[in-house]
Amino acid sequence: MLQAQKISFDVQSGGKLTGRIRVPGDKSISHRSIMLGALAEGTTEVTGFLNGEDCMATLAAFRAMGVEIDGPEAGRVAIRGVGLHGLKAPAGPLDVGNSGTSMRLMAGLLSGQAFDTTLVGDASLTRRPMRRVTEPLAAMGAHIETSGNGTPPLHIRGGRTLQGIGFTMPVASAQVKSSLLLAGLYARGTTCVTEPAPTRDHTERMLTGFGYPVNREGSTVCIQGGGTLTATGIDVPADISSAAFFLVGACISPGSAITLEHVGMNPTRVGVVDILRLMGAEIHVENPREAGGEPVADLRVIGGAPLRGVRIPVELVPLAIDEFPALFIAAACAEGETVLTGAEELRVKESDRIQVMADGLDACGIEAEPTPDGIRIRGGRLRGATVDSHGDHRIAMSFAMAALRAEGPMHIRDCANVNTSFPGFVELAAAAGLGITQGDPA
Ligand code: S3P
């Protein structure tokens, strides 16, 4: 592991992205396919599953609770569901590594079990805030102990009787919403969650796909406890959050023309396309269709359209929350200033993405001024530089793409966690035209 943490990327400057590629499966949907598949009656067959470390941590956790799961093999997974009350006590703590989604969603689901569990994670996850789920879950009757400052590990007491509540989220978080809905499967009565702004709705869509009734009225989504999930087939689309690196890479490199196939285009996820178009990017949505309850399309990006700095509309922030590291690279290559506000959540992701991106852009000679809830970036000439990703997968991949426009090579440190969401990134990016190699320890 010590060795793995030392993986770095070396990326030559210049080049362009061309061809047709399919990036790996959607992380959010892959996690949920395992969780709901495990709780269903019957066998759920998944295709396009993301074989990354985060989703594999979820898969291993359910195996540790007695669920038989075949695969993944070429993206195929078969989950033999045990029903809502069929999970078994694991032999020890469940280690979900770097994955905030696993920990927050499973905190809700595990609050409804008959047995105790402990959830642990890596150093990054162990710094991330968990009270946002443990407090509303406690209001439902759950018993969860965190460390003194509300961070992992989580010790979850089983055998509790949960009661449905109505909860208005102070932050727009799909993880909090999903955690409460999963607890709501086990609660007496109705659990309702109101969101201050729309967040990704994969949990609601997938519950419906498993035949479980979900009611939405405006910004409130409600679920009744005590129903049954029925196994189904799930076709996981390519992850728009992984496609984002190629969208930005192509936009900033004249001569690029690349098609990203079968990308998930759920309206709660497409903020990156809207923001890039606002900046002047040329992105075509081709062949829109539906796959397993989720909209998908092929995205064709033509590089070279001049980008301009924009004030990012605050309502697009939750719809592009994971794509800001990549968008900051686009901003660095744009004419004028880009201003982001209302995005304090970025400070508590896998790293403090505002500070870490500002530091990296600064190393590249770009003026970037962090603010408490966002950043101001003045586009300019991008120098090649050595950048530290702080173990954050999305920061590593964003700076790798920056090399397409940089005046010298990029060296990016601490890149092992790219495998949490995008196994095969180096190979796929190289095949598309990025001059990237996995380098020696930094
Ligand atoms: C996710 C929700 C988002 C996102 C994360 C995955 C999910 O987090 O950043 O990568 O699968 O529900 P928040 O809902 O906390 O913003």
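Helices (H or I, at least four residues) and strands (E, at least two) are DSSP runs, numbered from the N terminus. This is a predicted model: local features need pLDDT of at least 70, side-chain atom pairs need pLDDT 80 or more, and totals for chains, interfaces and linings use all residues. Residues are numbered from 1 along each chain as its sequence is written, and side-chain values use heavy atoms, without hydrogens and water.

**Exercise 1.** Find the cis peptide bonds and place their prolines.

*Solution.* 
- Step 1. Check Gly71 to Pro72: this bond is cis, with omega near 0°. Pro72 belongs to strand β4 (residues 68-73).
- Step 2. Check Pro152 and Pro153: a cis bond joins them, with omega about 0°. Pro153 is in the loop between β8 (143-145) and β9 (154-157).

**Exercise 2.** Look at the backbone of Ala74 and give its phi.

*Solution.* 
- Step 1. Ala74 is not a glycine, yet its phi is positive, about 50°.
- Step 2. Locate Ala74: the loop between β4 and β5 (76-82) holds it.
- Step 3. Most residues other than glycine have a negative phi.

**Exercise 3.** Identify side chains in polar contact with the ligand (N or O atom pairs within 3.5 Å; within protein, one must be able to donate a hydrogen and the other to accept it, and residues adjacent in sequence count only if both atoms are side-chain atoms).

*Solution.* 
- Step 1. Take Asp322: a side-chain N or O atom is 2.6 Å from a ligand oxygen.
- Step 2. Take Lys349: the corresponding distance to a ligand oxygen is 2.7 Å.
- Step 3. Take Ser173: here the distance is 3.1 Å.
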